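Let's take a look at how parts of a protein chain sit against one another. Here is the structure to keep in view as you read.

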Amino acid sequence: MYSTAFLDLPPLLTAGGTVQLPGSKSISNRVLLLAALSQGTTEVHDLLASDDTRVMLDGLRALGCGVDESGGSTVRITGLGDQPPRSPAALFLGNAGTAMRPLTAALALLGGEFTLSGIPRMHERPIGDLVDALRQLGCQIDYLGNEGFPPLRIAHGAGLPALRLQAPIPVRGDVSSQFLTALLLALPLVAREQDVVIEVVGELISKPYIQITLALLARFGIQVARQGWERFTIPAGSRYQSPGSIHVEADASSASYFIALGALSASAEGQNGIKIQGVGLDSIQGDIRFVEAARAMGADITGGPNWLHVARGAWPLRAIDLDCNHIPDAAMTLATMALYAQGTTRLRNIASWRVKETDRIAAMATELRKLGATVEEGADFIAITPPATPQDWKAASIHTYDDHRVAMCFSLAAFNPACLPVRIEDPKCVAKTFPDYFEALFSVVQTAQAHIPVLCIDGPTASGKGTVAAAVAQQLGYALLDSGALYRITALAAVQAGIDIAPAHEAALADLARTLPVRFADGRIWLASADVTDAIRTEAMGMNASRISALPAVRAALVDLQHGFARLPGLVADGRDMGTVIFPQAPLKVFMTASAACRAERRHQQLLAKGIDANIDALRADLEARDLQDQSRKVAPLKPAQDALLLDNSGLTIDETVAQVIVWWEERQPFAIHLAQG
Ligand SMILES: Nc1ncnc2c1ncn2[C@@H]1O[C@H](COP(=O)(O)OP(=O)(O)O)[C@@H](O)[C@H]1O
Ligand SMILES: Nc1ccn([C@H]2C[C@H](O)[C@@H](COP(=O)(O)OP(=O)(O)O)O2)c(=O)n1
């Protein structure tokens with residue numbers, strides 16, 4: 001997951017390959033609750049690991065359910081059965097509507113004392129219609145903040161009052177279908193002696209989500225009878241029965257981003273479109289009908305029981321005018337597909353967008369406009385006209401409103417014909433449903449090598465390049481190339497092979513460099529099966545590296561390996577010749593220096609921290625000798641590139657040095673200019 005403040009997506013050109021999608025959030029949290037209400041243990045396979053399932057699992061544990069997470073994506077839930085939930089209990093449910101609503105209903109019917117709260121946005125999301133329905137039944141629920149919104153208190157410490165189950169229970173269906181889902185999931189608890197009937201007031205929205213609820217209830221032994229979408233009957237004698245084991249389908253809403261990707265990108269060379277694993281055309285999730293909408297816009301989609309294949313069909317895409325009530329979440333993806341359509345795309349009947357993670361109509365309108373689109377918005381619709389020509393596109397920093405879908409939708413804007421990068425702010429908000437979304441995206445998209453941003457930091461030993469490069473890479477979410485390590489590893493391999501580091505053995509040393517079995521993983525460096533992270537860091541190996549690096553054939557042998565580090569979303573490279581030889585087109589080259597005295601002192605401190613005693617004068621003499629050797633060699637000597645910015649950090653802290661590099665990087669991005677204008 002990218003936990004950076006922002007993630008800059010370089011312009012993307014093609015896509016191709018296979019993605020495996022994470023489990024559906026809606027199915028995951030429903031299954032968890034049903035398993036928790038059942039007798040016995042349920043093995044839940046392919047459970048989504050996300051913020052929303054995390055709060056549900058924590059909540060169930062707090063209520064006394066058995067939760068065994070030792071099996072990776074398979075979680076074992078031991079249900080309450082006939083046991084009462086542990087009470088009192090305080091549940092924090094983040095921003096998970098799929099946890100807040102059904103738990104409120106279930107706990108109100110089970111009895112006990114509970115508080116249910118979430119993050120501030122959760123406290124702005126309405127729950128009054130559900131509370132009204134439960135209060136009419138006889139449940140005692142209080143608002144702890146604003147009327148009609150969480151946080152809530154359920155107060156049945158003295159036992160449940162008699163519930164009024166004879167008359168049909170009315171619930172509004174036109175604000176959120178989650179209220180009805182909550183009642184359907186919870187009322188079987190009390191459908192013992194008589195049928196329990198729910199009547200929907202108002203036009204029910206998001207019906208497909210109710211279908212998921214009914215299908216999952218059936219898997220847990222509850223057969224709900226439905227008359228139209230107005231009346232639902234839970235038969236007397238209902239009891240939750242664990243199916244023993246259940247598989248969670250991949251998330252059909254998450255599939256929408258990759259369906260869109262296949263529809264709007266040219267295929268990568270030798271590939272034909274995108275294959276999506278984990279969800280197929282016969283999915284029980286309503287958002288699978290996004291397929292029809294994407295086809296209407298031009299996508300070429302085929303599929304089987306648990307896979308989809310998507311390629312470009314009509315291009316440019318066709319604008320559509322669609323009632324999106326049946327696919328409220330996935331429809332947001334249509335709004336960014338509209339950027340690539342001819343004409344105006346109108347998405348209607350989407351009032352529920354206004355009460356989701358954020359006001360999604362306002363959010364989409366604001367961010368689409370930043371890209372140069374013309375957007376009209378109303379209480380329950382949005383109409384998008386793309387920028388008229390490539391020149392009308394703008395580089396935008398997309399605000400994501402702590403809304404995973406906004407972040408994922410707008411990643412598609414990186415295919416803009418103007419080849420502008422797109423900045424996604426707070427990319428970790430995707431953790432709600434798809435923590436590794438950007439990793440999955442990068443695994444199936446490609447761009448021209450020239451579009452991949454590279455930031456070079458060169459300089460003499462102990463100037464702080466390595467430290468600063470690592471910090472900058474972390475802040476930007478970029479890969480890191482410690483090129484000095486490659487020379488150090490080659491030198492170590494030569495020493496181990498007994499090859500003298502001298503010009504006479506240049507060819508043999510170059511062969512060694514070309515076939516170096518090196519691997520960088522989890523902050524460690526491996527040479528074949530040996531962890532050499534520490535062995536290459538000695539002063540002696542630094543000197544050997546400097547000697548081996550003076551051999552032109554060795555340098556040439558390491559070029560391809562170094563170029564291979566430049567991958568999406570970008571690279572920070574540190575060394576001696578990153579800006580001059582390896583990445584001469586890099587948009588930012590920093591030449592970092594510090595006085596010899598300062599550098600000797602830093603090295604001294606570094607060694608002391610490792611428990612190695614060293615003489616500071618000897619260290620200074622060594623580093624000056626190495627500087628001289630690196631500066632005076634014939635090939636790729638240590639020197640600033642012509643367009644490098646010099647940074648003498650003798651008087652700066654590490655943080656100040658990093659901040660300066662980031663300021664220079666930001667000055668080169670188009671977003672700041674846009675912000676200044678906007
Ligand atoms: N302003 C600074 N910038 C970068 N590093 C610094 C700074 N001040 C002190 N240091 C320290 O200098 C030492 C040498 O840094 P390092 O990154 O190993 O240098 P290099 O990669 O250039 O050889 C590290 O221990 C680092 O913490
Ligand atoms: N791009 C590079 C990186 C390192 N080298 C050589 C020259 C250096 O003295 C050695 C060791 O580099 P390294 O960056 O690990 O050394 P320091 O951490 O700066 O002491 O490798 C090079 O020639 N070109």
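## Two helices side by side

In this predicted model, helices α7 and α8 are roughly parallel to each other, because their axes cross at roughly 15° and angles under 35 degrees count as roughly parallel. To find the pair, look for residues 252-264 for α7 and residues 290-297 for α8; the two axes come within 11 Å. The crossing of α7 and α8 is right-handed.

So who does the touching? From α7, the contact uses S256, I259, A260 and A263, while α8 brings F290, V291, A294 and M297. Sorted by class, the contact of α7 with α8 has seven nonpolar residues, one polar residue and no charged ones.

## A strand tucked inside

Now jump along to strand β34, residues 571-575. Is this strand enclosed or open? Five of its five residues are buried, so β34 is largely enclosed by the rest of the structure.

Here's a handy rule: in a regular strand, side chains alternate between the two faces of the sheet. In β34, both faces are covered. L571, A573 and G575 are buried on one side, and V572 and D574 are buried on the other.

## The neighbours of β34

Which strands pair with β34? Strand β29 (residues 454-458) pairs with β34 in the parallel sense, over five bridges. Within this pairing, D458 stands opposite G575 of β34.

Strand β30 (residues 479-482) also runs parallel to β34, joined to it by four bridges. Here D482 has D574 of β34 as its bridge partner.

Terms used: Residues numbered from 1 in each chain as written. Chains lettered and ligands numbered in written order. Predicted model: local features only at pLDDT ≥ 70, side-chain atom pairs only at ≥ 80, totals over all residues. Buried ≥ 20, exposed ≤ 12 C-beta atoms within 10 Å, placed from the backbone. Pairing = 2+ DSSP bridges. Axes fitted to C-alpha atoms, helices over the stretch in contact; angles between N-to-C directions. Parallel < 35°, antiparallel > 145°, perpendicular 65-115°, else oblique. Left-handed = near helix turned anticlockwise from the far one by under 90°. Contact = placed C-beta atoms within 7 Å. Nonpolar A, V, L, I, M, F, W, Y, C, P; charged D, E, K, R; others polar.
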